[in-house]
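User: I am new to this structure and would be grateful for a close look at a single part of it. Please set that part in the context of the whole.

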Amino acid sequence: MSDRFVEIIEATDPALRDRSLESLCEGLSADELLAGCAALDAYRRRCDNLYQRVRALFFLYAIHRFHLPALGALRERGEIPYEGHERLLGRRFGEAIETFLSVQERDGASVAVSSALAAAYHQLAFQTLADQVRRSVRSVRGNQWMFRVGHPADHPLRIRPELVDDTRPTLRERTPVRMDLSHSCWSDIFFLGMDLPEAARVVNASVDLGVHGRDAQPEPPIEARLRVIDEPVLRLRSIDLEAEADLCELGEVFDFAKDYLGLLKAAVIAAGVVPPGVEGSGQSLAELLERLCGPGRGLEIESRVRDIPKGSRLAVSTNLLASLIAVMMRATGQAASLTGPLRESERRIVAARAILGEWIGGSGGGWQDSGGVWPGIKLIHGRIAGDDDPEYGVSRGRLLPDHEILDVPPTLRTSIEQSLILVHGGMAQDVGPILEMVTERYLLRSEREWAARQHAVSELDRLLDVLRGGSLGDLSELTANNFAGPIQDVIPWASNLFTERVIERVRARFGEDYLGFAMLGGMSGGGMGFFFEPNVRSEARVVLREIMLETKRELERGLPFAMDPVVYDFAVNENGTTCEFVEGPIASAVSSRDASPETNGRGSEAELHTRLDELGFDRAEHERIREGLVSGRLGLAQNRLPQDSELADVEASDFVDVTAGSDDEATRAGEQLLSDGTVAVVTLAAGAASRWTQGAGVVKSLHPFHRFAGAHRNFLELHIAKSRRRARLSGAVIPHVFTTSHLTHEPIERFVGGLPADPAVPVHLSLGRSVGLRTVPTERDLRFLWEESAQQVLDERAQKVRESLQAALIGWAREAGEASDYTDNLPSQCLHPVGHWYEVPNLLRNGTLRALLEEQPSLRYLLLHNIDTTGADVDPGLLGLHARSGRCLSFEVVARHVEDVGGGLARVNGRPRLVEGLAMPREEDEAKLSFFSSMTTWIDIDRLLGVFGLDRAALATPGAVDAAVAKFAERMPTYVTIRDVKKRWGHGQEDVFPVTQFERLWGDMSTLDDVSCGYFAVPRFRGQQLKEAAQLDGWSRDGSAEFVAGLCAWADE
Amino acid sequence: MNITRAVITAAGPAQRSLPLQQLVDFDGREKAALEILCAEATGAGIRSICIVVHPGDTERYRDATEGVAADVEFVEQEKPTGYADALLAARDFVGGDSFLHLVGDHVWVATRGESCAKVLVERAIAENALVSAVQPTRETKLPFFGTVGARRVEGSADLWEVQKVVEKPTPTLAEQELVVPGLRAGHYLCFFGMHVLTPGFVAMLEQEVARDDRDRGAEFAHALSRLAGQERVLALELPGQRYNLGEKYGILTAQLAMALGGDERDEVMARLIEVLGELRVASS
């Protein structure tokens, strides 16, 4: 039995090899699954075949992540040793697995340890795959020599003599972008192409672009220029990013994140002009340039993408890299011709170098992305590795695909051009997690996804037939069905509410004249295509933009948009990348950045100060905090409890275990309390969701994150739906309060205003009364965060880029002024909510609680929870337990999994309390804790008022309430945190800056002696939080989503 | 195949003085480099030598070849139109015969017994084919040499069948098209400056030069490459070293190699050590 998994991995018969893991695990007991894991682990250690090894790793991950916990047979709690956690962060995944396995061996299996093993196997699998791609990129013939050149004297390239004549001519390479018409379910991911080359096929067109209404006609959007100059420097310039630098040292060429020229630098290296082998050699760039161009000479290289916004899903950055590499290869004789198109063998090497450049620069792309280098519409397909390929014996397929130019009938080509409208929807999203999901599902052969992939393969055959002689209608039908079918069957997250609403409105507006949709890249929302009957195309361009803009306006507070939608004009490019000599000097020096708010990403200081005044900003406290930051009294290191604090795990008497449910008596009591109308729900919705969107400043509560009952729903709708169900079951009214802040109030108010009123769940908003102004971090805090705190180490190249970026950001902090006000951004991005502790006192201060009590005097309890605690609801059993305890507060905790970092339930100096991650005396202390705080709290209203020195009657006296809250606030610790904030500028460009803010946190109520607190250990489905969008996939598959759906009653049901 | 003729090209404007450079030969006697080249040829059984020179150089070169044990003819290349034209300037001299070709800016030092040219000529006669002498060369030197892509002749340790020839390739191209199995990574078979050429090759070279889109400077490589598609073209690794007099310190290096490989090795070694010692004292 235990070898069954290995047999499947090793099977040569596809029917056996392609069996899903689900089918293998079905009906197996925990012991059988654990025996299977032991066999798989032994197998992955002895297996020489890369892909079999990786598949074994993914099986191990999935069994520990999904199949073992789902059985409910393992105990929840288990020790996750800090040593293992530290190894995970240090990318020493193999050693981390050893650590976790030894704990499993010693203590027996637990869900907690399985979570750690799942994380370690998952990361090891991806590391193994990435290492293989990297090795393959380096071993492509034509790339290898660059890693052997370690000294300028060995540089084997010479600039072409034509470029050093007296006129110093300029070469201009112009390159189209690529449009992926077929999207065969992300089959262009390297791993897929290398494992299943037969299925790795895409139809990809090279296109010229113009922004509709701005540009006269479509042109190749990418331009790279090069000329020899009489200075021994490498002069790099990006016209779009308005950045220019003269590089004089070799080290600067490898410093990617120092400025906006990282892509140009990666191209210089990947083109062999500065071969990667010289990195760290300590040699001179001037000597290298002399060898290449002659004494006293250097190179000037410039890039421009004609303001095509980022996130267009047209592989702009890969094709820009390819364009730069092509022009440098021509200039150094690596391509035969200085002008005109490239030869096929040269295009292939440019594509390989672009992949290399992406790896060097720490970014990533798919294998079809350099498609703009080739002309026209082509089929790009994987190839089985032959015995003269470096991949032979390692993977089934080659790293580099083949390109077959398709002979599309001119009439159809013209029809496509006259029918298809390309757009950028404006959304900016990271496709990385989607690509990981695709890889994982592929290797697990999940049934639904595998069937969808097979379907996509047959759809591509149909698409090829259509392109050889079919009609426009057939084509648009195929791309639309592909999006609605296979693509979303593999990854439901490829779609989103914005895209669907736009499609729906376009269909409603144009009826049969709308022919279909095409997703152009990793996910929808950015670059997309809409087919229309050619006769309505002109009108459709205008209307489509209006629809997108209108839809964006509705959703932009919940979904991350980088810019307003754009409509492009396009034409198929029949040349691929081409080069010519151009007259005169290279472009004039970079002009100063446009100062208008749309492009420079900052608002006026006056506007910021007006906002601060409106929001009751406490400048005196701000100055006190600034003084503390400057003097070193406040800072990340000072958040910690004293080093001599004794921190231990809680004992059985410290909490009530409700993981198997509450007792009947408590449940009955709770049901009665519910029926009596004693409970209201408070959902914390004031935060800016900095982890959810990496500081994009959207309102998380309005993010339509999942489909429930057939529709995309946001967090706010979800929480109301849970209250509605409990209200229906109990026949009571359950008021539901959402706490808001300056960041979230107005959009939430607008959204709530649009909801149908439900008398059983009256919704209230509680506007925050406190706001902080972010400050520039101190160097001391940045160094503490990046150098002294445990951080996830990245892949080798990405880590180098990150270190370079961190050095640049420390320089920025010094230059901008440590602890000075952060004002160089939109006002909303400069302000911050001051921590969720304030949100409960705000209910008292802003009259919300008073209003609730007036409306419903029977209220006695509040259920407080975070916006992202999807499983929290008014559970009668827990309510009954809390009421019975007679305590002021009951906090819900969950058994800690490896990803639960940031605090937990502990005994500190012998007393149980919640400890924030920031306050841990030593980082390793967190590993001692079995429980993680879910933040969900049952509150006894009258006892809480008592703690503040108030009662129900006193709520009518605002002065007394304010004074009581101010007095109480002084007892709460202040934490300094560093958060990421995005600054948007240019055309969809984003920079992320670390900023300092301070916070007071609700969990610290448990530290106060006069507040009686209890703790409930609840099931994970109830207590877990969705902090990052990348968690969604696991959440939707491990039963959590189903559990949550069962708690809801939708208004439209 | 009977090889009695040799062609030495010495017409390059940048190399006009090199063949006249005085060097001390293996036997300790001072000679012009050209005389040493001619001796390399005559040692291989050559009886007639044609030297292609820059217009006006004939007399100076004639003086340098007075003691050569062969008939020496001079042909002046009227215009500096490149290497291929220089070689074709000797086409009347070679007639319809195969011939030995040496470049005028190199000297060769054999590391095992017989001279490099002698080994080459004997192998060409034995194989009855065009043979280019080659040497495994690091990729960093590719900008200086014609390079061949080849397959080893079965049963032979030093002979390859040529498939492709590229003049001064980039390492990018070399890695894709010129990798020779059996050589160390990053090493390629590069020309040694010495070939036995055939009438078929001369005809091919004429065609290359006559092309409208002639690739000036690379005609020799193109012709050889095309010929390899039609007849057997071989490359031979010789037991010796080539020294390019035209590169920086090229003359010094060639002289050192000849001196250390010749009759007066001990004396030269002693002098070298003396110089090194003095410099060490001076710098300390």
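Which residues in H17(A) meet which residues in H18(A)?

Analyst: The model discussed here is predicted. The two helices belong to chain A, where H17 covers residues 447-469 and H18 covers residues 472-490.

From H17(A), the residues that take part are Arg448(A), Glu449(A), Ala452(A), Arg453(A), His455(A), Ala456(A), Glu459(A), Arg462(A), Leu463(A) and Val466(A). They meet Asp474(A), Leu475(A), Leu478(A), Asn482(A), Gly485(A), Pro486(A), Asp489(A) and Val490(A) in H18(A). Sorted by class, the residues of this contact comprise eight nonpolar, three polar and seven charged.

The geometry of the pair can be described next. Two packed helices are characterised by the angle between their axes and by the distance between those axes. For H17(A) and H18(A), the angle is about 165° and the axes lie 9 Å apart. The helices are therefore roughly antiparallel, since an angle over 145 degrees counts as such. The crossing of H17(A) past H18(A) is left-handed.

Along the principal axes, the C-alpha atoms of chain A fill a box of roughly 90 × 70 × 65 Å. Of the residues in chain A, 54% are buried. Among contacts in chain A with a separation of 6 or more, 81% are between residues 24 or more positions apart.

Glu924(A) is partly exposed, because 15 other C-beta atoms lie within 10 Å, a count between the 12 or fewer of an exposed residue and the 20 or more of a buried one.

Chain A also touches chain B, in a contact that takes 15 residues from chain A and eleven residues from chain B. On the chain B side, these residues divide into four nonpolar, five polar and two charged. Chain B itself contains ten helices and 13 strands. Its radius of gyration is 19 Å, which agrees with the value near 19 Å for a compact globule of 284 residues. In chain B, 46% of the residues count as buried.

How values were computed: Residues are numbered from 1 along each chain as its sequence is written. Chains are lettered from A and ligands numbered from 1 in the order in which they are written. This is a predicted model: local features need pLDDT of at least 70, side-chain atom pairs count only at pLDDT 80 or more; totals for chains, interfaces and linings use all residues. Two residues are in contact if their C-beta atoms, placed from the backbone, lie within 7 Å. Ala, Val, Leu, Ile, Met, Phe, Trp, Tyr, Cys and Pro count as nonpolar, Asp, Glu, Lys and Arg as charged, and the others, Gly among them, as polar. Axes are lines fitted to C-alpha atoms, for helices over the stretch in contact, and angles run from 0 to 180 degrees between N-to-C directions. Helices (H or I, at least four residues) and strands (E, at least two) are DSSP runs, numbered from the N terminus. Angles under 35 degrees count as roughly parallel, over 145 as roughly antiparallel, 65 to 115 as roughly perpendicular and the rest as oblique. A crossing is left-handed if the near helix is turned anticlockwise from the far one by less than a right angle, and right-handed if clockwise. The radius of gyration is taken over C-alpha atoms; the globule rule is 2.2 Å times the number of residues to the power 0.38.
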